[in-house]
Amino acid sequence: MSKGINNISMIRNSTIWKSVLNNFLFGLFFPAAAWVWYFLNNKINFNSQNITDIHVLNPVLFLIDLIPFLLAGLSFFLSKRLQNERIQIYNELLSKEHLIQKYSGYVKKIGKGEYSDVANMHFDDDLGLSLNEMKENLLLKYQTEEKQKWIFDGKNLFDEILRKHNEIKPLAYEILVNLTEYSNAVQGIFYVFDDEIQKLSSVSSYAYGREKFLQSEYKLGEGLIGQASYEKAILYRKNLPDNFITVSSGILGEQKPKSLVVLPLLGDEKVQGAVELAFLKNNIPEDVLLLFEELSGIIGQTLFNIKANTTTKKLLTESQKLTNDLRHNEEELRKNAKQMEKTQVELEKSNIELAQKIAEVEQGQKRLHALLENASEVITIYDKEGIVQYVSPSVRSILGFATEEMIGVNRFERGERILKDVFQFLLENPNEEKTFEYQYTDKNNKRLWLETTGRNQLNNPAINGILFNTRDITERKEAETVKRLSSEMQALSENSPDMIIRMGPDGTFFYANPTTERFIGLNPKTLIGNNIENSDIEETLKAFIKTITAETIAEHKEIQKETVFNIDKVKRIVQFNAIPEYGENQELNTILFVVHDITERKEIETEIENKNKNITESINYAQRIQSAIIPDFDIIKRYLPNSFMLYHPRDVVSGDLPWFYVTDEEIYIAAIDCTGHGVPGTLISFIAYFSLNSILNSPEKRTTSEILDELHIRVKRTLKQDSPDSKARDGMDIAIVKINYKTNKLEFAGAHRPLFYLRGDELSRYKGDRMSIGGKSVASRRGKGEEKFTNYEIDIVKKDKIFIFTDGLPDQIGGDEGRKYQAGRIRDIIVEKNNFSMKEYYNYFVEDFENWKQDFKQIDDILFIGIEF
């Protein structure tokens, strides 16, 4: 650039001198003209003496002689100034041109997307600042578009995979392989929800480029997999514990995942499956989670469609089989129709022959009537409506009815369901014959066993109805029953240590096992076939058996009673079980008596009752001791008038403990949740109570966090958890608050328990530290020493409200879906009802808890404390 300026300077200098010379020559015209004019007018000879004299006599000519020099000087001055201005303009143009070239390259690189090349380029002028802002906006847009493109490409990839498969297992494996690699996960498991067993079962697993063979199942709500599926939301966990899982790789060796994502697969608004992915990095990019959100419904709907298609294929196969069966049946019906046509022709021919023989039949009817009257069967003919058209005279001797009582009557109205069912069957199947047995009550209310054979003779002109042939088989059935019951009982009870007797409702013994003789001193053979009234059973026992028999018959259910027998000349307590046994038509056939010696059981029950009584007395005494250390709420109200305490132990004694302590300047209050429930939790609560009191009784001033540090040390020392080989993990969670009304300061520290601080309608949550009092913390187990608790200090403003609670209320199962109450519900109620007084909060939470719990059992002790300043 300086070389160009020098060249321009040389050119300009030459131009200046040319201009000076031209103006000088131009200026000579004026003195020359003046001198010529002067000499011509004055007629003077031209010589140097004359010129000198003329200058003296005429000074104007001297001035005219100076004009060339004046013009040359003026020209030099003006040309020089113009040259400087032009050089300055040229330099500015060169500077602008250089800047434009720089901007042009900057813009070209941005246009090509080469953002890394211009990352360190910055400008201070307005145009440069605008270009910088444009670059940042374009870079942000580029990055957003790259993320969207990544998500879009991912969706296209999995859409292509989903279109290829119509079976779940190969689909699951290919989805898992691509999803693991696309999202940079190290391991994945694909679960499918089985609608029949209501479980999520693993169908494919994959890690570090290799297929794994892991089998696991989860119910909805069970584990992280079941929880994410139950809540139908992606579950993302960071900072996984070291013992969570280890992934082995030939390249990376043993690696522990840092984070975990469980992706529920939703289709048709239901859970169809889930994918579990493990990552070696702690933070998963937002675009990866967005892709998972997109894929949840796409993969889930495909699973639903595959399941539906599989079901459809199964139904289609069954439908095709049914169609083939129908076609086969249709062919059979067609053949039967042809046969029926042939039969019809033959029947018409037979009718002609029958007409010729009617006369002969009429002659023989009298003879037939005499035979039927004394027959062992009842012949009954019904029309299509079930009305009796004919009944043989033998109905009187077998069923006790006269023929006129039967004819013209619908006998199905007597309630014999089986007769009506068979009648309907014969109407629908005219070529079928049906034989069946049933119980029937005759005119004299006697229960009979009958055997009936039914035929459809509607097409027989001589009968024109449904024909039933019925005979009495009562004696045969009773013999069969006795034989069956006797053989069954003998096989079942011959070696039983219990006395087993089967007796009819009328008191007849059908069976007695050998043990009977040991119980009542009678040989079983003397009972079988005999009636209880005629037996040698001791009168008191006989009355007892008759009483329990009557109760069994009346109540139609098993009766249990206890009584005393002299067995082997020793008084023994026995349990007498009377079990009704019914026949095919729910008629009481027999009563089975099973008599069991329960003397030893009774003695054990008595011992258990005594032990339970002692335990109950001990628990009640422990409850009185615990009640003595629980602060009286009236005392709390004296110091904190605007407060409430919701305290609901699950058992008689509680593992939750409210603690209250007052000094000259400060008020301490805490909600303590000890390990376990009932008596174990109560014992830990005693340690907490006395340790806290001892700490506060010392002269040393401590913050709330220092109180918890000291409490942690004392609990470990008390429970001998400070030894290296100690495995005890007992301890407590706690939220402790210190209030100083003089300084209007509040301190808080927590072990797994939070503090909710409400000011106006804004709620602040102060999380407790993620470690308990007692046991070994994660840091100490890793050899890093004990961690210290965090101390929070808050300025108190009038009308501020605080809330502390144990985990009993948030963890309570209830509601229409059987879910947890949760701390979020507590927070929402506190904010929504921010204008409530403490009493109104108490009443609301008591009612809401009961409505939420419904019929579910209380699962934990509940402690909830609220204070308004």
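**Close-up views of a predicted model**

**View 1. The residue that follows helix α6.** Just after α6, K232 has a positive phi of about 55°. The model shown in this and the other views is predicted. Helix α6 itself spans residues 223-231.

**View 2. The buried side of helix α6.** Within α6, the residues I225, G226, A228 and S229 are buried. These residues lie on the same side of α6, because the arc they cover around the axis is only 165°. The cover over the buried residues of α6 includes strands β1 (187-194), β2 (199-207) and β4 (217-219). Strands β5 (235-238), β8 (259-267) and β9 (270-279) are also included in that cover.

**View 3. The salt bridge between E437 and K477.** E437 and K477 form a salt bridge in which the closest N and O atoms are 3.1 Å apart. The pair links distant parts of the chain, 40 residues apart: E437 belongs to strand β12 (residues 433-441), and K477 to helix α11 (residues 474-493). The relative accessible area of E437 is 27%, so E437 is partly exposed. K477, with a relative accessible area of 11%, is buried.

**View 4. The salt bridge between K561 and E551.** A salt bridge joins the side chains of K561 and E551, with 3.5 Å from N to O. This pair, too, links distant parts of the chain: K561 is in strand β17 (residues 559-567) and E551 is in helix α13 (residues 539-555), ten residues apart. K561 is partly exposed, with a relative accessible area of 27%. E551 also counts as partly exposed, at 24% relative accessibility.

View 5. T552 lies in helix α13. T552 counts as buried because its relative accessibility is 1%, under the 20% cut-off. Leaving aside residues up to four places away in sequence, T552 touches K557, I559, A578, P580 and I591.

**View 6. The salt bridge between E817 and R819.** The closest N and O atoms of E817 and R819 are 3.7 Å apart, and the two residues form a salt bridge. E817 has a relative accessible area of 55% and is therefore exposed, whereas R819, at 32% relative accessibility, counts as partly exposed. A search of the whole structure finds 39 salt bridges.

**View 7. A nonpolar patch on the surface.** The patch is formed by L63, L66, F69 and L70, and together these residues have about 420 Å² of accessible area. F69 lies in helix α3, which runs over residues 59-111. With 54% relative accessibility, F69 counts as exposed.

**View 8. E286 and K147.** E286 lies in helix α7, which covers residues 286-373. The relative accessible area of E286 is 58%, so this residue is exposed. Along the chain, E286 and K147 are 139 residues apart, while their C-alpha atoms are separated by 9.2 Å.

**View 9. Two segments with pLDDT under 50.** Over residues 1-5, pLDDT stays under 50, and the model has four contacts for this segment beyond four places in sequence. The value also stays under 50 over residues 247-253, for which there are 14 contacts beyond four places in sequence. Where pLDDT is low, the predicted coordinates should not be read in detail. For the chain, the mean pLDDT is 81, and 83% of the residues reach 70 or more.

**View 10. The whole chain, for orientation.** The chain contains 20 helices and 31 strands. Of its 869 residues, 39% count as buried. Its accessible surface comes to about 51100 Å², and carbon and sulfur atoms account for 52% of that area. Among contacts between residues at least 6 apart in sequence, 56% join residues at least 24 apart.

Key
Residues are numbered from 1 along each chain as its sequence is written. This is a predicted model: local features need pLDDT of at least 70, side-chain atom pairs count only at pLDDT 80 or more; totals for chains, interfaces and linings use all residues. Side-chain values use heavy atoms; hydrogens and water are left out. A salt bridge is a side-chain nitrogen of Lys or Arg within 4 Å of a carboxyl oxygen of Asp or Glu. Helices (H or I, at least four residues) and strands (E, at least two) are DSSP runs, numbered from the N terminus. Buried means under 20% relative accessible area, exposed over 50%, partly exposed in between (1.4 Å probe, protein chains only). Patches are made of residues with over 30% relative accessible area and no salt bridge: like charges are joined within 9 Å, nonpolar side chains (Val, Leu, Ile, Met, Phe, Trp, Tyr) within 5 Å. Accessible areas come from the Shrake-Rupley method with a 1.4 Å probe; for residues, only the protein chains shown count as cover. Contact means heavy atoms within 4.5 Å. pLDDT is the predictor's confidence in each residue, from 0 to 100. The arc is that of the directions from the helix axis to the C-beta atoms.
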